[in-house]
Amino acid sequence: MAKRRNFTPEFKAEVVLEALRGETSQAELCRRHNLSEQQLSKWKQQVVENVATLFASTDQQSSEAAERIAHLEQLVGRLTVALDIQKKALTFLS
């Protein structure tokens with residue numbers, strides 16, 4: 001049974017960018033990196049489908065991150081208060 005190869009995102013990006021530059025043919029790239037042409041085509045299609053996300057508004061991403069941070073800070077505050085209460089109760093009962 002053949003073992004599946006796993007490629008890093010960096011490797012995939014490097015090969016796709018090389019293919020998009022057009023300096024060598026897709027067949028030559030596939031031979032050089034021991035890939036099937038279908039695999040390279042699939043990677044290129046993924047790049048084309050997801051390229052718009054590169055230009056997505058960073059404001060939206062940063063506001064989502066800020067909301068997440070605020071929520072996590074609230075959780076940390078609650079846990080800190082709960083821990084303080086447990087410590088005081090433990091010292092009181094001892």
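Modeller: A residue is called buried when its relative accessible area is under 20%, exposed when it is over 50%, and partly exposed in between. The model discussed here is predicted.

Biologist: Does E18 count as buried or exposed?

Modeller: The relative accessibility of E18 is 12%. The cut-off for burial is under 20%, so E18 counts as buried.

Biologist: Which residue forms a salt bridge with E18?

Modeller: E18 sits in helix α1, and its partner sits in helix α2 (residues 26-33), 14 residues apart, so that the pair links distant parts of the chain. The closest N and O atoms of the pair are 2.5 Å apart.

Biologist: How far apart are the closest N and O atoms in the salt bridge of R31 with E28?

Modeller: This bridge is one of two salt bridges. R31 and E28 both lie in helix α2, three residues apart, which is about one turn of the helix. R31 counts as exposed because its relative accessibility is 58%, whereas E28, at 32%, is partly exposed. The closest N and O atoms of R31 and E28 are apart by 3.2 Å.

Biologist: In which helix is the place of V47?

Modeller: V47 falls within residues 37-50. Its relative accessibility is 36%, so V47 counts as partly exposed. The helix that holds V47 is α3.

Biologist: What is the separation of the C-alpha atoms of V47 and V16?

Modeller: Along the chain, V47 and V16 are 31 residues apart.

Biologist: About how much accessible area do the residues of the nonpolar patch on the surface have together?

Modeller: The patch is formed by L17, L20 and V47. L17 belongs to helix α1 (residues 9-21) and is partly exposed, with a relative accessible area of 46%. Together, L17, L20 and V47 have an accessible area of about 260 Å².

Biologist: About how much space lies in the largest pocket?

Modeller: Rolling a probe the size of a water molecule over the atoms shows where empty space is left. For the largest pocket, that space comes to about 240 Å³.

Biologist: Which element gives the most to the lining of the largest pocket?

Modeller: The lining includes R4, F7, K12, Q39 and W43. By class, it has three nonpolar, four polar and four charged residues. With four residues, the element that gives the most is α3.

Key: Residues numbered from 1 in each chain as written. Predicted model: local features only at pLDDT ≥ 70, side-chain atom pairs only at ≥ 80, totals over all residues. Heavy atoms only, no water. Helix = DSSP H or I, 4+ residues; strand = E, 2+ residues; numbered from the N terminus. Buried < 20%, exposed > 50% of the residue type's maximum accessible area, 1.4 Å probe, protein only. Patch = residues over 30% accessible without salt bridge, like charges linked within 9 Å, V, L, I, M, F, W, Y side chains within 5 Å. Areas by Shrake-Rupley, 256 points an atom, 1.4 Å probe, with all protein chains shown as cover. Salt bridge = Lys/Arg side-chain N within 4 Å of Asp/Glu carboxyl O. 1 Å grid on protein atoms, 1.4 Å probe; cavity = no way out; pocket = protein on both sides within 12 Å on 5 of 7 lines; lining within 4 Å. Points joined across faces, edges and corners; volume = space filled by probe spheres on them. Nonpolar A, V, L, I, M, F, W, Y, C, P; charged D, E, K, R; others polar.
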